[in-house]
Amino acid sequence: MTGIAAASFFSNSCRFGGCGLQFETLAELIVHIEDNHIDTDPRVLEKQEQQQPTYLALSYINRRFVRLSTIWFVINIHHSF
């Protein structure tokens, strides 16, 4: 990571919807995001939880792939004897 990339990565600048506010500490930035950009209405949160994601996390895909690969390997080793 270059110096410029590292500086922008570690900046305490809010990037939600072009907000752009700057904060002295990461803790202040987190409080700002939680208070201003994350909905805490239980009805909204429940609706979000019920919706299917439009994407899958790479960690989920990797976990499934490893499990399927292991099962395939065990089955094939078993049948080769």
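1. Helices (H or I, at least four residues) and strands (E, at least two) are taken here as DSSP runs, numbered from the N terminus. By that count the protein has four helices and zero strands, and its elements run α-α-α-α from the N terminus on. Helix 4 spans residues 58–80 and contains Ile61.

2. The model is predicted: local features need pLDDT of at least 70 and side-chain atom pairs pLDDT 80 or more, while totals for chains, interfaces and linings use all residues. Numbering starts from 1 along each chain as its sequence is written, and side-chain values use heavy atoms, with hydrogens and water left out.

3. On burial, the terms are buried for under 20% relative accessible area, exposed for over 50%, and partly exposed in between (1.4 Å probe, protein chains only). Of the 81 residues of the protein, 7% count as buried. The accessible surface (Shrake-Rupley method, 1.4 Å probe; for residues, only the protein chains shown count as cover) comes to about 7,400 Å², and carbon and sulfur atoms hold 63% of that.

4. UniProt, in an unreviewed entry, lists residues 12–42 as "domain: C2H2-type". Its positions follow the numbering used here, its feature names are shortened, and its annotations may be inferred rather than shown by experiment. Over residues 12–42 the chain is 39% helix and 0% strand, with the end C-alpha atoms 28 Å apart.

5. In helix 2 (residues 26–36), the buried residues are Leu29, His32 and Ile33. These lie on the same side of helix 2 because they cover an arc of only 95 degrees around the axis; the arc is that of the directions from the helix axis to the C-beta atoms. Exposed Ala27 and Asp35 sit on the face of helix 2 turned away from its buried side.

6. The structure holds zero disulfides, a disulfide being a pair of cysteine sulfur atoms within 2.5 Å. For Cys14, the nearest cysteine sulfur is that of Cys19, 3.8 Å away, which is too far for a bond. Cys14 counts as buried at 2% relative accessibility, whereas Cys19 is partly exposed, with a relative accessible area of 28%.

7. Leu58, Tyr60 and Ile61 make a nonpolar surface patch of about 280 Å². Patches take residues with over 30% relative accessible area and no salt bridge, joining like charges within 9 Å and nonpolar side chains (Val, Leu, Ile, Met, Phe, Trp, Tyr) within 5 Å. A salt bridge is a side-chain nitrogen of Lys or Arg within 4 Å of a carboxyl oxygen of Asp or Glu. Ile61 has a relative accessible area of 40% and is partly exposed.
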